[in-house]
Amino acid sequence: MKKLIQIFILFFTLNFGYSQNVLDLYYVIPDVYVGNLSESERRNLISNRELNVNDSHFESRFNLKKGYLRMESSSAKNKPVDFYIDIKYWTLEDGFLIAVSKTKMDNYNYQQVDFKFLLYKDGKISLVKKGYLDGYSSDFDVFQNNLWNFFLKDGISNSEKEMAKNANIFISFQYGRYDFYLQYSTKYEYWKFNDKIMKYIKAENIDFKFDYNDSKFIQLKNENPNF
């Protein structure tokens, strides 16, 4: 009986410990960054895995061990996703760094529309305006423009640069990769880019890992032999 109680306490502690960081951080993020859902609505979304608010249907899934959560919004259950929000965190010495990424359906294509770093410290949450990642800015238009520096090689002409920029850059937290990665996705058929443009693209996916010593993200070496 005593051993059974100890096992129960260990199980409870592990699960409670994970949720302290992942779900509780989700609950304190300002409404504007999470589809304008209130804290109580978010708690219901996590408890039930789905939620209907006005004319929107929300679903959630998360990985407690990896500190990752996704919430999706659509017009109704089993309908195409209108937008999804990814949330991931990293533990700092004096708090938590939270990434909130929003991707939206636009003209039948998904497009990155926002990305923010938030800092949770001493029970308070604040917007990170710059830092932690080269080129990051809380102004998404500025940040999005800076992201091209990761993909475009030197020597590209202005006309080729404009053509290369006719693409989407996604920020993804897909399981099994590093902390996150940038993905370059052209709006044209790939073969149209092959000869003229792709030779100026460093990679289609660029991985990043959080360096806890310097408290910043570092770009990992590209291992794609095609670039």
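Buried means under 20% relative accessible area, with exposed over 50% and partly exposed in between (1.4 Å probe, protein chains only). The views show a predicted model, in which local features need pLDDT of at least 70 and side-chain atom pairs count only at pLDDT 80 or more, while totals for chains, interfaces and linings use all residues. Residues are numbered from 1 along each chain as its sequence is written, and side-chain values use heavy atoms, with hydrogens and water left out.

**View A. The enclosed strand 3 (residues 68-74).** Seven of the seven residues of this strand are buried, so strand 3 is largely enclosed by the rest of the structure; strands (E, at least two residues) and helices (H or I, at least four) are DSSP runs numbered from the N terminus. Y68, R70, E72 and S74 point one way, whereas L69, M71 and S73 point the other. In a regular strand the side chains alternate between the two faces of the sheet.

**View B. Strand 3 and its antiparallel partners, strand 2 and strand 4.** Two strands pair if DSSP finds at least two bridges between them. Strand 2 (residues 56-63) joins strand 3 over seven bridges, and seven bridges also link strand 3 to strand 4 (residues 81-92).
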